[in-house]
Every structure is written in C-alpha cells, then in structure tokens.
Amino acid sequence: MSYCLHRSQGGLRLLAAVLFVALSCAVVERSAAQTSADTDRADLGRSQTGLPLTGGVEGQVPPSPNDADLGEQAILKRSDSYQPFTAAVALPFYWTSNVALSRSHEQSDWLLAPVAALAYQPKLTDTLFGVVSVREQLFYYNRFSGLNFGSFDAEAGLIYQMPQLHNLILRGQFVYNRLTDKNSFDDFFSNYSILVNAELPFRIGRAQQLSLGVDANISIDANPEPPRRHDYETYIGYSLNVTRALTFDAVGRLVVRQYQLTDRVDVSEVIAASANYNLTKYLTASAISTFAANQSSNSIFDYKVGNLGGIISLSVRF
C-alpha cells in the first residue's frame with residue numbers, strides 16, 4: 001500500500017513536471033511570437049518615417065529608399081559647404097488595419113509614433129563617408145494601449161560611393177536595436193547585427209531617381225534568443241521632384257526573414273509611398289501609406305496590414 005502510494009505520488013510529480021515544462025514552452029513561444037510582432041511593428045514604423053538622414057545635396061551621399069531615419073533633403077538643392085550633422089524630430093500619426101499583426105480577428109486602431117534622430121556623417125574622402133546615428137521612436141495606440149512600446153536604434157559604419165560604377169553605393173554598419181516597455185527604457189528585446197547594403201541609383205533627368213538595392217541584416221546576438229533572425233532584402237525605390245517644394249517617394253521591398261532557433265522562415269512584401277511638401281526650409285508635411293503582407297512557414301504568423309496617415313517633421317543640417 002505504501003509502495004503504491006509512493007509510486008502514485010512520483011507519477012503525479014512527473015506529470016506536474018511535464019505540465020510545467022509544457023506551460024513554460026508555451027509561454028516562451030507566445031513571448032517570442034509577441035516580440036517578433038513588435039519587431040515587425042518597429043520595422044513598419046521606420047518605413048512610415050522613411051526620410052533619410054543621409055543627404056542628397058551636392059557633394060553628399062544620395063538619399064536612399066533603404067534609409068529608415070529622418071531628414072529628407074531635396075535631391076536638386078546645392079550646398080555651400082558640407083554639413084555632416086542632421087537633427088530631426090517628427091510626429092507620424094496613422095490608422096493601421098491590424099494592430100497585432102495577427103492572421104485572423106484583425107483589429108484596427110489609430111496611433112501616434114513620435115520619433116527623434118541625430119546623425120553624424122563625416123566626409124572622410126570624396127567618396128567615403130562615416131555614419132553614426134541614434135534614433136528613438138515611441139508607439140502609442142489609441143484603443144489598444146497595452147501594445148504601446150518604444151524602439152531605440154544606434155548605428156555606426158561606413159558608406160562608400162563608386163562613381164566609376166554608375167555611382168554604386170556600398171554600406172556597412174553595426175546596428176543595435178532595443179525594444180522597450182512603454183514610457184520606460186527597460187528592454188524586453190535587444191539585438192546586435194551587421195548590416196551590409198549595395199545600391200545602384202539611376203537618375204532620370206534632373207527630377208527623378210530610381211534605386212535598386214539588396215542588403216543583409218545578420219544578427220550576431222539577441223536577448224532573448226528565440227526572436228533572433230537574419231533578414232535578406234531586395235528593394236526598388238522611386239523619387240520624383242514634382243516642384244522644388246513637393247516630392248513623391250515610393251519603395252517596394254521583398255524580405256526573407258530566417259529565424260535562428262527554429263525552422264521558421266518568413267517572406268514579407270512591403271509597399272510604401274509618401275508625398276512630401278516642404279513648408280519651410282526645415283519643416284515638412286507628408287502624407288504616408290504602407291501595405292505589408294507576411295507569409296510564414298508557420299502559417300500562424302501570416303498577416304496583412306495597411307497603414308494610412310501623415311507626418312509633420314522638422315529637420316536641421318549643420
């Protein structure tokens with residue numbers, strides 16, 4: 001009798017241990033999925049403010065549709081002297097059709113995503129530039145405030161332009177990204193990665209530019225590990241100066257995301273467009289739109305989302 005009772009208690013302990021492990025794995029999986037969604041939301045948020053910190057004035061690296069910072073400069077303007085610093089703030093506001101980037105039961109919401117950025121781009125030679133930038137963006141949802149979070153980015157690297165090869169632009173940067181709880185600098189995910197990029201710009205007359213590019217964002221460390229991934233991207237961008245004050249930008253991206261601790265692979269298509277009007281030399285008002293679709297080897301991560309709104313941005317070069 002005592003033996004049977006002891007065996008029964010041992011079985012219960014084993015069952016409890018199995019249930020605990022299963023529950024822990026489920027919590028980790030949900031946490032990883034939520035962090036992955038937050039990372040995607042941060043990426044889409046950057047595309048909503050796709051105004052490059054790299055300048056387009058004479059003697060500076062042309063702006064890239066792959067840049068995810070602030071401070072667009074009209075590609076036709078000239079500069080009396082090289083200005084390596086850019087400081088920018090912006091207030092994007094937009095409606096999103098799928099706040100949680102979920103496969104089903106989609107919920108829409110309005111959000112504000114204020115952002116501030118500072119960049120230093122020293123001109124090392126006529127064709128070689130350094131780049132150091134920091135950027136902080138906060139995401140505030142109207143109805144789903146529990147999803148509020150922040151995204152901090154710091155980058156450092158080199159940009160090399162090759163006039164002999166149709167102004168081919170090569171970029172290599174170290175990137176640090178930190179996702180934080182709302183109104184806090186306490187992080188729930190951080191990632192260290194190396195970004196390499198090659199871009200070929202094509203000027204069409206004096207008012208248009210077409211850009212073709214590929215890049216790879218290779219994660220070298222992340223905390224926690226499960227959402228860690230490598231991103232491989234190809235993109236095409238178009239820029240049109242309608243007038244000296246009015247510009248139009250559009251970019252299409254195809255991204256393959258390879259997650260490192262699982263066999264999950266995602267393919268994302270993103271189309272973004274903006275119309276930008278320079279109210280003054282420093283102040284710009286923009287209308288923005290983005291559509292993204294994600295297909296995953298694990299179909300639970302499939303989603304579609306559309307965003308539509310505007311931005312007021314202030315950018316200063318010095």
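1. Arginine 253 is a reasonable place to begin, since this residue is buried, with a relative accessible area of 15% (buried means under 20% relative accessible area, exposed over 50% and partly exposed in between, with a 1.4 Å probe and protein chains only). The model is a predicted one, in which local features need pLDDT of at least 70 and side-chain atom pairs count only at pLDDT 80 or more, whereas totals for chains, interfaces and linings use all residues. Residues are numbered from 1 along each chain as its sequence is written, and side-chain values use heavy atoms, with hydrogens and water left out.

2. On the overall architecture, the chain holds 1 helix and 13 strands, where helices (H or I, at least four residues) and strands (E, at least two) are DSSP runs numbered from the N terminus. Read from that end, the order is α-β-β-β-β-β-β-β-β-β-β-β-β-β. Of the 318 residues in the chain, 45% are buried, and the chain exposes about 15700 Å², with 64% of that area supplied by carbon and sulfur atoms (Shrake-Rupley method with a 1.4 Å probe; for residues, only the protein chains shown count as cover). Among contacts (heavy atoms within 4.5 Å) between residues at least 6 apart in sequence, 54% join residues at least 24 apart.

3. Aspartate 231 forms a salt bridge with arginine 257, where the closest N and O atoms are 2.9 Å apart; aspartate 231 lies in strand S9 and arginine 257 in strand S10 (residues 246-259), so parts 26 residues apart in sequence are tied together. Aspartate 231 counts as buried at 13% relative accessibility, and arginine 257 is buried with a relative accessible area of 8%. Glutamate 233 forms a salt bridge with arginine 253, here with the closest N and O atoms 3.0 Å apart, and since glutamate 233 lies in strand S9 and arginine 253 in strand S10, the pair ties together parts that are 20 residues apart in sequence. Glutamate 233 counts as buried at 14% relative accessibility. Salt bridges that share partners also join Asp40, Asp43, Arg229, Asp231 and Arg257 into one network.

4. Glutamine 260 lies in the loop between S10 and strand S11 (265-278), and at 28% relative accessibility this residue counts as partly exposed. Its C-alpha atom is separated by 5.4 Å from that of arginine 229, although the two residues are 31 residues apart along the chain. The side chain of glutamine 260 makes a polar contact with the side chain of histidine 230 at 3.2 Å (a pair of N or O atoms within 3.5 Å; within protein, one must be able to donate a hydrogen and the other to accept it, and residues adjacent in sequence count only if both atoms are side-chain atoms). The side chain of glutamine 260 also reaches the backbone oxygen of glutamine 258 at 2.9 Å.

5. Arginine 178, found in strand S6 (residues 168-181), is buried with a relative accessible area of 15%. Its side chain makes polar contacts with the side chains of tyrosine 176 (3.2 Å) and aspartate 187 (3.4 Å).

6. Leaving aside neighbours within four places in sequence, phenylalanine 139 is in contact with residues including Arg41, Tyr94, Leu111 and Phe149.

Note on methods:
Salt bridge = Lys/Arg side-chain N within 4 Å of Asp/Glu carboxyl O.
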